[in-house]
Amino acid sequence: MMAPSYNAKEEDGHQPGATGHGGAGTMTNKKPDNTAFKQQRLPAWQPILTAGTVLPAFFVIGLIFIPIGVGLFVTSNNIKEFEIDYTGVDMSSPCYNCSQSYSWNNTQSCTCSVHFSLDQPFESNVFMYYGLSNFYQNHRRYVKSRDDSQLNGDKTSLQSPSKECEPYRSSDKPIAPCGAIANSLFNDTLELYYIDPNGSRTAIPLVKKGIAWWTDKHVKFRNPSGNNNLTVVFQGTSKPVNWRKPVFELDPLDSDNNGFINEDFIVWMRTAALPTFRKLYCIIQKKPNNMTPTLPRGEYILEVTYNYPVRSFDGRKRMILSTISWMGGKNPFLGIAYITVGSVCFCLGLVLLSIHYRYGKRNNSAEISS
Amino acid sequence: MRTVVSSLTEDEELTEILKSYSSNKVTTTKYSFLSFIPKNLFEQLHRVANIYFIFLAALNFVPVVNAFQPEISIIPILLVLTVTAVKDLWEDYRRHKSDKFINGLLSCGLFYHRKQQTYVDQRWQDVHVGDFVRLSCNEIIPADMLLLYSSDPHGVCYIETANLDGETNLKQRQVVRDLPQQVCENFHSRIECESPNNDLSRFRGYMEYPSKARVGLHNDNLLLRSCTIRNTETVIGIVVYAGHETKAMKNNSGPRYKRSKLERRLNVDVLWSVVLLVIMCLTAAIGHGLWLRNLKEASFLIPDTTSPALSGFYLFWTMIIVLQVLIPISLYVSIEIVKLCQIFFIQNDVDFYNEYMDSRIQCRALNITEDLGQIQYVFSDKTGTLTENKMVFRRCTIAGVEYPHEENGEKSKVHFSTQHNIFHQGSVSLHTLTGHSEGEEPPSPTLPQQSAFSSPLEKDIVPDPFLVQKLNSLSSPLFLLKDASMELTYIVDFFMALAICNTVVVSSPNQPRHVVSNITSPVCTGQSFSRKLRTGDSEMSRLSTGEHGSWKGEENKMLHLTLGACSGLGNSNGAQGPPGEPGADELIYEAESPDEAALVHAARAYRCTLQGRSLESLLVELPGMGSLAVRLLHILPFDSTRKRMSVVVRHPLTNQVVVYTKGADSVIMDLAESPKGAEQSDGRQGHIREQTQKHLDNYAREGLRTLCVAKKVLEEEEYEIWLKRHAFAETSIENREELLLESAQRLETNLTLLGATGIVDRLQEEVPETIEALQRAGVKVWVLTGDKQETAINIACACKLLRSTDQLLTANCGSKEACKALLLELRAEVERGEAAEGTSGFTLVVDGRTLDFALQEDLKGDFLELSRRCRAVVCCRSTPLQKSHVVKLVRDQLRVMTLAIGDGANDVSMIQVADVGIGISGQEGMQAVMSSDFAISRFKHLRKLLLVHGHWCYTRLANMILYFFYKNVMYVNLLFWYQFFCGFSGSVMTNSWVLIFFNLLFTSAPPLLYGILDKDVSADTLIKLPELYKSGQNSKAYLPSTFWLTMLDALYQSLVCFFIPYFANAGSDADMLTFGSPINASALLTILLHQVIESCTLTWLHVLVLVGSALFYFSFTLVFSVVCVTCSPPTNPLGVDKLQMSQPLFYGVCALTTVLALLPRYIHQQ
């Protein structure tokens, strides 16, 4: 079989002598490989959006989204939420006086009591939040003003905090915790009392632990190691300018909630995304033994130790009580949005279906088959 | 001027001069080991985009404006610079490897060594100017050198220039004239020659011998680098140019850089992006200023003395850093990568493979693939582009009698070009040799060679029976009958002229590539030879006006010579069959032009065989007369001004000096106008001229290429006079070319017309289909040819450029005024025709002279207006310059995308002018290919190249660019919306690493794949429906409106992606990163799914990359949120995404956002 083909080449002006000289067999065939990839013939799925594929998609989306939306909406509606503003802007509000004499440097604490009533009982665990409005915790320079290494218990950072903390880096000694975020720690104290129908006040136990993220509490925030006595550990540092007590006295009773791992502090350090935000203050745990709701219907008093000034920037302070569900706090938006989008898709499906039935045949024939 | 002496010289001064010339070491690399980083960096910094991003990175180091940690902002620019640098490094490394190979070539050639007094092996890089180089057969010449010695007794040497220009025919080079035998150690001559330049066809200089005698040097003495020595045992030369100064290297300009139309469009949109960026940053800056002013004292404000206005100013720059992704940094790199891949696919298309030449398409320009999809005008050469440029002798007319060669005509119709097996291209190109190797292996120094222009079709010519009959009478006893003899002399002379009036080199398979240099063929028997000689003699004497007896002695001498030569080589020749028949003595003709080969083969079919050629004689076998040695006195080679060539020979039979001329019909007919003397033949000549002209017109109408053949007998004295002046011209150092031209013109007068030939140059396969497809695709096809009008029209008809329903408009005029009037008149006619709707279209035929007028400043408007309305335009008799003028005119005035396609040197200027230049690697060398952007082997490939690959490349790239803009705008706007909720402070709700990687890593691969693999319409459909090509012509895929629509869509999607999570989290305890997490995730999903909707095909690769990108993002953020404890302040992600991804709400938000964001695009698409 070889010979004829060779001869054929020779006849066409191919010279055997030259071939011999040039080393036969060095001729490489330049023909490209006829593979599906190189010839761009890979089997492909073409998502041609025809009525046949689009219509079911719309209906399916509609059919999935509407139930989800309904579910979300119902869940959201079942969440009980109570919110009260205690800023004291109005003359009539109980905290008006306190709000007038605001200053970071007040040594005298001002307290005020806010009365409110709950129309419905709050079942299961109730979360108590404080809310701030018009407070830009997400301001770029504010957000930057912290030293994560220091908060992680790094000894060097403790003594020489990051430059980002300026101007809250050091007073005469290095500040711990440094930075603007820590400096502006929310320092109002909230207490809740239930007023029995008979008029007596019952303090409601507020659990201040378990309000921070697990990772924050156990991984990200750590007290400097070496000594169990935090006073010794934080020696040589000074408290943030606006603080009334040093960091190692945030919760002197509970060593697991003191220093950098104080949960109030940790929660504050997680800067809020939006200027109106809430932060978890404490948890009111449901009563384990009896069937009475955690917070029964009735009158309550919120006792506020008013320290935190917000009037200068038109801020607001709120107290929020809320139960939560699997989807978090109360938020009807998502449910409504789901229902709306689902309905829109469904309607679009119907519209397209009618269009398809009217013009479908023509479209199909005009389409280029590829 | 440069002076070259032998490098063995003792003269210090001259040695210094020699040292100043560049050595033969070639470095085409841009960088050295040490200089790579600084130099590459420096080069990259020349790009505006890179400067911009470096500026941004630097800006981030300014404390008042920095947005991220400084090191983060360096990452994008670093990544881009690294990718580009790696690409450059890789390319440079390939060049380096190829250089190293070339420089290290230990050519078997030997270089003269001073100490050892002998020739030693040396590497190419060690060759210097002034060195003596000895080369043997089939070796590649390492540097430009002057030929000093050849083993050939006549002092000639043959080289093949395929590496240089792709021409495989052998070219003859001569040893420097009158050189005393003093090669090497005794070489004391001095060479003065031109400074290095890139003109391959010119070399001027002189050599001064020790005796102070000067001799001129010209191109014939120069052996060029990268050519191959053939058919000569040994040559010795002295190097005059080495390394980068060689003509081959000077001609090597490297890959071409053009800017595509799409890229120009793209730059406009990049500018729009900049405008958008500035607007966004200004908004933020002003917003920040106002926000600050309204704030009094807030605990979240860091005490500062800067005024709100200044803060706003600082913020402007911060925002530029934050929103920098709006300017697609990776776009340019991505486009380059995509184009490389597109080229990879084009090069690998099996449909562009030509089996017979073993060649693929060559993509020489790397960055205009998408222009292929937008072509509006195609300018095509005719010969070799539309046609095969494989000339086949078709018919001829001799002495006014037409021989139609019916059978031949039948055959050429059946024969398909695909059966031809012509290996044209040696596998070493100039490119590889000079270092810019793109995809080929380094060349092997010796290569199998094939001969050019010897297809079976050219060889198998069936003679016309009538003519054969006439010719046979020459050898028959009845030959002496007088009646037909006069005509017979014409016939013999005619074939004689066909056989010898050329520069064809003959070789035979037995002696590969060696010129049959001596007269070696047998003479059958002495007796029969002399008998035939005598009969021939009487015949010839009648034809000539010379004296009968004067050449008797010469004849004997020649006979003696012939027999003597014969006796030496008798053994192999004894069994020789009749010439012309295929058999043992298969001769191979290598011609410079296909026409020549065709004519030699034609003559051979009539047993008028050219058997050998040496410098001074030709061996021709005539029917019935056996082999005759013809003393070759001069060759006056073909040039385009004279349009003819001549040989001056001493006729073997009559011993007269005879000039045979062949050339373009117009020229020869003019020169043969007034036949000299010969009163009795005056009438006859007139008749012949008349008849021949008639036949010529017929041939042209048939689409044949015509050549006229004429002869002239010179008186001895006449010749002597001419010879003197010619010798002077030859030896002159200055104005040699002009003098030679003049000398030739002096000789070629008063010719006797013998006849004319018609050569058919068949259309390439599928040309009509291709042209039809192009026209249906809305591409206007113009044919620009140097041929005659009739031939051009005929070819235009044959290739369906001209349809029978078309109205033909012919523009031929002699003056500018006439031209103006004609143009107006034709235009009126077209307008009438358009109104009448009778004809399907107009085709304009313009000849060269009219074109000259039409291209002038004041008429070109009219001309364009006219031609724009015509479906096709044929320009005939046009010069290369006119071709390029036409292309330029159309390109600039009509602002259209033009493509020029051609195969010859005469198309080079047109190819260079057009937006896309395509070279056909065909029969006329590689010049067109070298200057082209794409090189294909057949015209029909143009169809798939434009309709399929062009369409794909354009739509892919356009869609990818749009997608890039979309992606960036969509993502950046998310950050922008956030500014409204953070007091325009430049905060971001995302971890800065994720932010930077979002564009660079998570969403960069899918668009690349989209740009490389997407197919909006299948190849078959694109071929079947050429109309689809129009979408690319009108830039449908990338109109300004599409751009803004895409921007609008991006805006909408970013609004959805931001505000659904916003409302879902409003008032909650979400921190910044928790808030950003679903936004990022849904943006990613939206961006990826957007692409799924946009792309028309999804292969497993798409799925892989899309799913991979999504998984990469989620796993990256997840892992990052677990391991990153204190890293990346202030946006430490610890725990965020881990927590988020464990919450159903996250998925709920993502699903809703993605669906809602994609809804409009989804509806729009269907």
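Student: Which side chain meets A:D188 in a salt bridge?

Tutor: Side chains of opposite charge can pair when their charged atoms come close. A salt bridge here is a side-chain nitrogen of Lys or Arg within 4 Å of a carboxyl oxygen of Asp or Glu. A:D188 pairs with A:K317, at 2.6 Å from N to O. The pair ties together parts 129 residues apart in sequence, because A:D188 lies in the loop between α8 (180–183) and β4 (189–195) of chain A and A:K317 in strand β8 (residues 316–322) of chain A. Helices (H or I, at least four residues) and strands (E, at least two) are DSSP runs, numbered from the N terminus.

This is a predicted model in which local features need pLDDT of at least 70 and side-chain atom pairs count only at pLDDT 80 or more, while totals for chains, interfaces and linings use all residues. Residues are numbered from 1 along each chain as its sequence is written, chains are lettered from A and ligands numbered from 1 in the order in which they are written, and side-chain values use heavy atoms, without hydrogens and water.

Student: Are A:D188 and A:K317 buried or exposed?

Tutor: Buried means under 20% relative accessible area, exposed over 50%, and partly exposed in between (1.4 Å probe, protein chains only). Both A:D188 and A:K317 are buried.

Student: Where do A:K217 and A:E263 lie?

Tutor: Their side chains form a salt bridge at 3.1 Å, N to O. A:K217 is in helix α9 (residues 214–220) of chain A and A:E263 in helix α11 (residues 263–269) of chain A, 46 residues apart.

Student: How many salt bridges are there over all chains?

Tutor: The search of the whole structure finds 45.
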